[in-house]
Amino acid sequence: MAIPIPSRQLFINGDWAEPLLKKRIPIINPTTEEIIGDIPAATAEDVDVAVQAARSALTRNKGKDWAFASGAVRAKYLRAIATKIKERKPVLAKLETVDCGKPLSESEADMDDVIGCFEYYADLAEGLDAKQKAPISLPMKTFKSYVIKEPIGVVALIVPWNYPLLMATWKVAPALAAGCAAILKPSELASVTCLELGEVCREVDLPAGVLNILPGLGPEAGASLASHPHVDKISFTGSTVTAVKIMTAAAQRVKPVTLELGGKGPIVVFEDVDIDKAVEWTIFGCFYTNGQICSATSRLIVHYEKVMNFISNAKSEGATILYGGNRPKHLKKGFFVEPTIITDVTTSMQIWREEVFGPVLCVKTFTTEEEAIELANDTHYGLGGAVVSKDRERCDRVSKLLQNGAVWVNCSQPCFCQAPFGGTKWSGFGRELGEWYLPKLQLFFSDNYYL
Ligand code: NAD
C-alpha cells in the first residue's frame, strides 16, 4: 500500500518543533521491510520544554485556562478532534497499516474506536460540571465538608506500538476531559498516526501546551518523562519489564502510576459448547491483530474430546490448524509469522508461561472444572480471560474464579470505551476507560470549615 508519510516534527506548545538535538528515527514498513520515512526523536531536553509548555497551559491567565475551563468547553474540543479524525479516517487507517503492519480493515476499525472514545469522553466532560463540588453528609452540624475535584496536573502518557493511535486515545481523551495537560510519548516503532493527532489539534485550535506529542526512544524520551520532577502522574501501557523501570522512577518522587501491561490470557472451553462458536472465538481471541493484543487469550484450556473436534472441524472447514512456526511461504518479505498452534505443552514450558505477543496458541486439556481453573490461573499475568460454555451458571461461577481484570463469557476480546479495562497481578493496576478512569486523573480536596 503506497501512501506518502507526512514529515513531522515534535508537537510542543501547539506547534511543530524540531528536536533540540535534531535526532530522527527511521520508519520501517513491517510488510516490505523498506524505510519509508522518519520520525523526530525527543531527548531529555525536549521533554523539559514540553513539560514546561504543559505546565503553563494549566496556569496561564492566572488559572483561567484549561484546568479551570468548564467541562463543556473541554467537551467542545474533544468533539472537534473526533470530527477531524472522522474526516481523515481513510488516510489515518492507511498510515496505521503501513506503520505497524496490521490489516487495513483492522486499522479502520481502530479509527472508529478512536472517534467513539473522543466522543464518549466529550460527553463525560460535560457531565463533570455538575459533579464539581460534592457535599459530604457529616454527623456534626457545626462542620461542613465538600469534596472538590481538580485535574491532577501534567500527565505523561506512554504507549506501545500495537494499537498506536487507539492506545494513545484511551489516555489522551480522558486526560483532556479531566482538565489535565498531557505529554504523549508514542512508541518509537509506530508514531505516525499519533503525530497526525498533533495536526488535528492545530486544526481545532486546542489551547497551546494542552497536548504535546513526543516520539522518541524509550530509554531516552520515555525515561526522561517518567523521572521528570514536574510530571504529576504517569499512565503507561506496555510491557511488564518497562513498567518496572517506570514504577521505580515514579517511586523516587512518590508519583502515581496507572499500569496496563502484558498478559497470557486463558480461554476455558467446556464440553457443552457450540463447537463452531467456540472455534470462532478461540481463533479470534488469539489471532486477531496477529496475536499482538495484550489481552489475547493465547492459552486454550479445553475438555479433551473437544480437542479432536476442534481440529477435525476446523480442518473440514478449510482452516489450517496445528500449523506454523515459520514465515508465511507466500510472503517474500515482511515481519510476519504463520498462525501457530502448539499442543502437548507442560506448565513449566516458556511457551505456556510467557507472553509471546504473536499468533501462537497453546492447547492444554482438562477433565474437571477445578483443574481448568487451576490451569487458567497458573500464570503471573491477569489481564483478559474467557469462559465458553452453554451453562450460564457455570460461566458465572468460573468467571468469578479466574484471576483476570476482564473476563469474557462466550466471546473473547470485544472492548468498549464505556466499560473499564485493566489487569491484576503482573498485568498491572488501575483501570482505564469508562467513567472509572476520570477520577484517576483528578485530585480530590476535602474542604472542612466551621459554619
Ligand atoms: P514496551 O514496554 O517495549 O514499550 C512501551 C512504551 O514504553 C514505548 O513507548 C517505549 O518507547 C516506552 N519505553 C521503553 N522503555 C522505557 C523506559 N525505560 N522508560 C519509559 N518508557 C519506556 O512495549 P511494546 O513492545 O511497545 O508493547 C507491547 C507490550 O504492551 C506487550 O507486553 C503488551 O501486552 C502490552 N500492551 C498492554 C495493553 C493493555 O492495555 N494492558 C495494551 C497494548 C499493549
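Where in α4 does a kink of about 25 degrees lie? It lies at W170, shortly before the proline P174. The bend at a residue is the angle between axes fitted to the seven residues ending there and the seven starting there.

## Basis of the model

This is a predicted model: local features need pLDDT of at least 70, side-chain atom pairs count only at pLDDT 80 or more, and totals for chains, interfaces and linings use all residues. Residues are numbered from 1 along each chain as its sequence is written. Helices (H or I, at least four residues) and strands (E, at least two) are DSSP runs, numbered from the N terminus.

## Helix α4

Helix α4 covers residues 164-178, 15 residues in total. From first to last C-alpha it reaches 22 Å, close to the 21 Å expected at 1.5 Å a residue. The expected span is 1.5 Å times one less than the number of residues. G179 follows α4, with a positive phi near 95 degrees.

Of the 15 residues of α4, 15 are buried, so the helix is largely enclosed by the rest of the structure. A residue is buried if 20 or more other C-beta atoms lie within 10 Å of its own, exposed if 12 or fewer, and partly exposed in between; C-beta atoms are placed from the backbone.

V172 sits in helix α4. It is buried, with 30 other C-beta atoms within 10 Å. Leaving aside residues up to four places away in sequence, V172 touches L157, A182, L184 and L211. Contact means that the C-beta atoms of two residues, placed from the backbone, lie within 7 Å. V172 and C117 are 55 residues apart in sequence and 9.7 Å apart in space, C-alpha to C-alpha.

L438 belongs to the loop between α13 (434-437) and β21 (442-450). It counts as buried, with 21 C-beta neighbours inside 10 Å. Not counting residues up to four places away in sequence, L438 touches L124, P174, A177 and A178. L438 and A178 are 260 residues apart in sequence, yet 6.1 Å apart in space, C-alpha to C-alpha.

## The ligand shell

The shell around the ligand has 29 residues, of which P160, G218, G222, G238 and C294 come nearest. A residue is near a molecule if its C-beta atom, placed from the backbone, lies within 6 Å of it. By class, 13 are nonpolar, eleven polar and five charged. Ala, Val, Leu, Ile, Met, Phe, Trp, Tyr, Cys and Pro count as nonpolar, Asp, Glu, Lys and Arg as charged, and the others, Gly among them, as polar.

α6 (218-227) and α7 (240-251) each supply at least two shell residues. The largest share, five residues, comes from α6.

I158 lies in strand β7 (residues 154-158). It is buried, with 28 C-beta neighbours inside 10 Å. Beyond residues up to four places away in sequence, I158 touches K185, G222, L225, I234, F236 and G238.

The twelve residues of α7 should span 16 Å at 1.5 Å a residue, and its end C-alpha atoms are 16 Å apart, which agrees. The buried residues of α7 are T242, A243, I246, A249 and A250. They cover an arc of only 125 degrees around the axis, which puts them on the same side of α7. The arc is that of the directions from the helix axis to the C-beta atoms. The buried residues of α7 pack against α6, β10 (233-237), β11 (257-260) and β20 (428-429). V241, T248 and A251 are exposed, on the face of α7 turned away from its buried side.

In helix α11 (residues 369-376), A372, I373 and A376 are buried. Their arc is only 95 degrees around the axis, which puts them on the same side of α11. The partners of the buried α11 residues are β12 (266-269), β13 (299-303), β15 (360-366), β17 (384-388) and α12 (392-401).

## Positive phi in loops

Most residues other than glycine have a negative phi. V254 has a positive phi of about 50 degrees although it is not a glycine. V254 lies in the loop between α7 and β11, and counts as exposed with 6 C-beta neighbours inside 10 Å.

N410 is not a glycine either, and its phi is positive, near 55 degrees. The loop between β18 (406-409) and β19 (424-425) holds N410. N410 is partly exposed, with 16 other C-beta atoms within 10 Å.
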